[in-house]
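My notes follow the structure.

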Amino acid sequence: YYPFSASCRDLYARYREKERFLRNAFASKDANGLIEVMRRSARATYTHYLAVQGVEDEGDVSFMLDLFTIGAVELTRQWVNRGMDTPDDKLIE
């Protein structure tokens, strides 16, 4: 029941604290590197949320989950590598 915008602000603050680590971790192409770990974690979170709503992870839903999580992680990687130049309010918007 934590507001979405507040959780985003907390997450972005943590990212800014760990910017150097994140840049290095995002550079890894390892199968268990940060990109893959974030993608799996985000997908599991949204899969669970949808399951609670009665939506199965199959067919078009499965494709959309992959599309969303892969895109979200890639955009996060780009944001970190650009120096986290976009203000929190704009990201939340």
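I started with the buried residues of α2, which are Leu22, Ala25 and Phe26. Viewed down the axis of α2, these buried residues fall within an arc of 95°, so they line one face of the helix. I noted for reference that the model is predicted.

An α-helix has 3.6 residues a turn, so residues three or four places apart point the same way.

Next I looked at the other side of α2. The face turned away from the buried side carries Arg20, Asn24 and Ala27, which are exposed.

Then I asked what covers the buried residues of α2. The cover includes α1, α3 and α4.

I looked up the contacts of Leu34. Leaving out residues up to four places away in sequence, Leu34 touches Leu22, Ala25 and Phe26.

I moved on to the largest nonpolar core, which has 13 residues. The members that touch the most others are Tyr15, Leu22, Phe26, Leu34, Met38, Trp79 and Val80. Two or more residues of this core come from each of α1 (4-17), α2 (19-27), α3 (34-52) and α4 (59-81). As a general note, nonpolar side chains in soluble globular proteins tend to be buried together.

Last, I checked the surface. Phe63, Met64 and Leu67 make a nonpolar patch of about 330 Å². Leu67 is in helix α4. Is Leu67 exposed or partly exposed? I have Leu67 down as partly exposed, because its relative accessibility is 48% and exposed requires over 50%.

Methods:
Residues numbered from 1 in each chain as written. Predicted model: local features only at pLDDT ≥ 70, side-chain atom pairs only at ≥ 80, totals over all residues. Heavy atoms only, no water. Core = buried A, V, L, I, M, F, W, Y, C linked by side-chain atoms within 4.5 Å. Buried < 20%, exposed > 50% of the residue type's maximum accessible area, 1.4 Å probe, protein only. Helix = DSSP H or I, 4+ residues; strand = E, 2+ residues; numbered from the N terminus. Contact = heavy atoms within 4.5 Å. Patch = residues over 30% accessible without salt bridge, like charges linked within 9 Å, V, L, I, M, F, W, Y side chains within 5 Å. Areas by Shrake-Rupley, 256 points an atom, 1.4 Å probe, with all protein chains shown as cover. Salt bridge = Lys/Arg side-chain N within 4 Å of Asp/Glu carboxyl O. Arc of directions from axis to C-beta.
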